[in-house]
Amino acid sequence: MPKPSGTQPLQVLVAGGGVTGQALAFWLTRGGHRVTVVERFPALRAAGAQVDLRGQGIEAVKRMGLLDAVRGKLVDEAGVAFVDARGRARATIMANTSGQGRQALTSEYEIMRGDLVRILHDTTRNDTEYVFGKSVDGFEQDEHKVVAHFSDGSSRAFDLLIGADGQGSRIRRAVLPEGFDPYWRVGIHMAYWFVPRIAPDSNIRDTYMVPGGRQIMRRSHNPTETQVYFVLREESEEASAIHRAPVERQQEFWASRFRDAGWQTERFIEGMKTSPFFYSQEVVQVRTDTWSKDRVVLAGDAAHCASPYSGMGVSGGLVGAHVLAGEINRHPGDLPTALANYDRVLRPFVNEIQGEVNPRLLRLGIPMTQRAINVFQATTALACFLHVPDLAARLSKEDRGGNWQLPENPAPITAV
């Protein structure tokens with residue numbers, strides 16, 4: 001997309017080198033701007049658990065010309081099974097691979113976060129300045145520029161600062177009013193890590209429910225590794241605080257909550273000790289009335305985290321980057337208009353995907369008693385026998401992003 005005659009390229013700083021930050025770099029550099037991405041980790045953060053693409057997120061990747069690259073890295077996950085304590089499947093919901101309707105519990109586009117990050121990095125690294133091992137610790141701005149202060153003590157001026165630094169965004173704290181709590185909580189917590197894969201670990205994701213609002217999921221993404229997820233329904237100060245504790249303390253917490261759960265719990269807890277990573281988080285949404293303040297704007301989870309249960313976290317970040325970059329590229333000399341349009345255009349989509357998360361339905365899926373677990377499994381088994389999930393997915397007219405349409409491309413993908 002050519003810039004208006006006489007318009008100077010913008011110097012843009014993106015805080016955060018994840019999916020959203022790199023998608024912004026992709027579109028902004030193709031709009032002719034000079035983009036610097038700073039990432040606090042010392043190298044590309046190409047780790048993490050399995051993610052998926054749905055609805056408008058699939059279209060966003062297609063617009064980037066990267067859908068074939070994504071297809072080449074897809075995880076072989078055929079569906080989701082609800083299992084009992086002996087590992088027997090009580091009900092199985094298969095992925096919708098018809099190319100029509102709505103993605104099921106397992107998407108047609110399942111990919112490891114690290115693979116998606118590497119795909120984006122490979123296509124942006126030649127046109128983008130990447131700085132690893134450094135973060136934005138603060139900033140100050142006026143009508144002409146924003147000066148970012150970095151963790152190494154240096155400072156630098158930019159035309160625009162984009163906070164794509166995730167659910168716990170530091171940039172967001174400076175954008176929102178003091179004391180404002182952006183988190184919408186559902187009383188659910190999650191931890192995940194990798195363990196060695198064993199022969200019985202199939203390409204069906206297993207979900208095991210335990211009394212006390214506990215759930216264990218197992219999914220295998222390559223021949224040697226299996227992912228483990230512990231999910232806990234608990235509203236307590238200890239549960240909310242544990243995610244900020246040292247990793248050793250986090251692991252003790254999760255082991256203590258699940259040690260009596262049965263099934264393969266002993267194997268999974270033992271595997272914590274040798275896992276290449278361990279991540280613990282509270283399931284929240286980020287809800288704010290504003291995404292920008294003068295020359296600073298939020299994107300992705302920093303602006304509108306929809307939570308893992310929306311199924312649209314990564315897709316939401318890709319879509320948000322598409323919209324924000326498009327408005328900047330169309331109005332490079334009028335940032336107030338660009339950022340106002342970004343909010344106006346994207347807000348209905350964000351409301352749609354965040355609204356998909358219904359706390360009552362989440363509680364049904366994480367029962368507190370064995371009786372409730374039995375009812376859930378029996379009902380799901382009957383629905384699967386009658387092919388209800390498959391028909392509902394195939395016949396649905398909309399995916400999780402509703403009928404909201406992705407705007408025109410931010411820039412021609414052939415432009416450099």
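Mentor: Start with Asp 343 and Arg 347, whose side chains meet in a salt bridge at 2.8 Å, N to O. The model is predicted, so local features need pLDDT of at least 70 and side-chain atom pairs count only at pLDDT 80 or more, while totals for chains, interfaces and linings use all residues. Residues are numbered from 1 along each chain as its sequence is written, and side-chain values use heavy atoms, with hydrogens and water left out.

Trainee: Why is the contact between Asp 343 and Arg 347 called a salt bridge?

Mentor: The term requires a side-chain nitrogen of Lys or Arg within 4 Å of a carboxyl oxygen of Asp or Glu. The pair Asp 343 and Arg 347 has an N to O distance of 2.8 Å, so the label applies under that cut-off. Both residues lie in helix α11 (residues 335–355), four residues apart, about one turn of the helix. In general, an α-helix has 3.6 residues a turn, so residues three or four places apart point the same way.

Trainee: What makes α11 a helix?

Mentor: Helices are DSSP runs of H or I with at least four residues, strands are runs of E with at least two, and both are numbered from the N terminus. Residues 335–355 are assigned to α11.

Trainee: Is Arg 347 buried or exposed?

Mentor: Buried means under 20% relative accessible area, exposed over 50%, and partly exposed in between, with a 1.4 Å probe and protein chains only. Arg 347 has 18% and is buried.

Trainee: How do you know that Asp 52 and Arg 54 form a salt bridge, and are they buried or exposed?

Mentor: Their side chains meet at 3.1 Å, N to O. Asp 52 has a relative accessible area of 15% and is buried; Arg 54, at 1%, is buried too.

Trainee: What does the salt bridge between Arg 218 and Asp 206 tie together?

Mentor: That bridge has an N to O distance of 3.1 Å. Arg 218 is in strand β14 (residues 214–220) and Asp 206 in strand β13 (residues 204–210), so the pair ties together parts that are 12 residues apart in sequence. Arg 218 and Asp 206 are both buried. By the same rule, the count comes to 29 salt bridges, and Glu 234, Glu 238, Arg 249, Glu 252 and Arg 257 are linked in a network of them.

Trainee: Why is α1 described as largely enclosed?

Mentor: 12 of the 12 residues of α1 are buried, so the rest of the structure largely encloses this helix. Among them are Leu 24, Phe 26, Trp 27 and Arg 30.

Trainee: How do you know that the span of α1 is close to what is expected?

Mentor: The expected span is 1.5 Å times one less than the number of residues. With 12 residues (19–30), α1 is expected to reach 16 Å and reaches 17 Å from its first C-alpha to its last. Helix α10, with 18 residues, reaches 26 Å against an expected 26 Å. 16 of the 18 residues of α10 are buried, so α10 is also largely enclosed.

Trainee: What makes a set of residues a nonpolar core?

Mentor: Its members are buried Ala, Val, Leu, Ile, Met, Phe, Trp, Tyr and Cys residues joined through side-chain atoms within 4.5 Å. The largest core has 71 residues, of which Leu 24, Ile 162, Leu 324, Tyr 342 and Leu 346 touch the most other members. A second, separate core of 24 residues includes Ile 204, Ala 239, Ile 269 and Met 272.

Trainee: Why is Phe 385 called exposed?

Mentor: Phe 385 has a relative accessible area of 65%, so it falls in the exposed class. The residue is in helix α13 (residues 370–385).

Trainee: Which class does Tyr 183 fall in?

Mentor: At 26% relative accessibility, Tyr 183 counts as partly exposed. Tyr 183 lies in strand β12 (residues 183–196).
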